[in-house]
Amino acid sequence: EQSTFSGGIDGLYAAGRELIAIQNGTRPHRVLRIALSPDARRVQRVTAIASNLEELAAMTTAAVERGTITVLAGSQLIQLVSSDSADD
């Protein structure tokens with residue numbers, strides 16, 4: 001089983017039964033989707049929604065709404081779609 005390093009997380013957002021993480025303390029910079037167990041006590045899966053995009057280098061924060069993630073990166077707003085995530 002492949003694991004995804006989850007260190008360097010600078011922002012963590014609840015989206016239904018999942019978490020969206022801004023990982024800008026490592027290279028490459030990424031936006032992660034973290035699927036939790038039904039009781040929210042364990043991580044079941046970590047997937048990169050976006051990774052190694054030049055625009056993500058300056059990301060600082062995000063907003064999550066119904067499968068759309070808007071990331072603030074410097075003076076840019078970048079929208080990512082997370083079609084597998086639960087509605088919040």
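**Hairpins, sheet and charges**

Analyst: Let us begin with a turn: in the hairpin formed by β1 and β2, where two residues lie between the strands, Gly16 adopts a positive phi near 65°. Please keep in mind throughout that this is a predicted model.

User: How many bridges join strand β1 to β2, and do they run parallel or antiparallel?

Analyst: The general idea is that strands of a sheet pair through backbone hydrogen bonds, in either a parallel or an antiparallel sense. Here strand β1 (residues 9-15) and β2 run antiparallel and are joined by six bridges, and Ala15 is found opposite Glu18 in β2.

User: How does β2 pair with β3, and how many residues lie between them?

Analyst: The pairing of β2 with β3 is antiparallel and extends over six bridges, with Ile22 standing opposite Val31 in β3. These two strands also form a hairpin, in which six residues lie between them.

User: Is Arg30 buried or exposed, and what does its side chain contact?

Analyst: Arg30, which belongs to strand β3 (residues 30-36), has a relative accessible area of 15% and is therefore buried, since the cut-off for that class is under 20%. Its side chain makes a polar contact with the side chain of Gln23, at 2.7 Å.

User: How many salt bridges does a search of the whole structure find, and which residues form a salt bridge?

Analyst: In general, side chains of opposite charge can pair when their charged atoms come close. A search of the whole structure finds one salt bridge; Asp39 forms a salt bridge with Arg42, and their closest N and O atoms are 3.9 Å apart. Asp39 is partly exposed, with a relative accessible area of 44%, whereas Arg42 counts as exposed at 51%.

User: In what order do the three strands of the open sheet stand, and which strands are at the edges?

Analyst: The order in this open sheet is β5-β6-β7, with antiparallel pairing. β5 (59-65) and β7 (76-81) stand at the edges and each has a single partner strand, so one side of each is left without a neighbour in the sheet. From one strand to the next, the twist averages 25°. Within this sheet, six bridges join β5 to strand β6 (residues 68-73), and Val64 stands opposite Ile69 in β6.

Methods:
Residues numbered from 1 in each chain as written. Predicted model: local features only at pLDDT ≥ 70, side-chain atom pairs only at ≥ 80, totals over all residues. Heavy atoms only, no water. Helix = DSSP H or I, 4+ residues; strand = E, 2+ residues; numbered from the N terminus. Buried < 20%, exposed > 50% of the residue type's maximum accessible area, 1.4 Å probe, protein only. Polar contact = N/O pair within 3.5 Å; in protein donor to acceptor, adjacent residues only side chain to side chain. Salt bridge = Lys/Arg side-chain N within 4 Å of Asp/Glu carboxyl O. Pairing = 2+ DSSP bridges. Axes fitted to C-alpha atoms, helices over the stretch in contact; angles between N-to-C directions.
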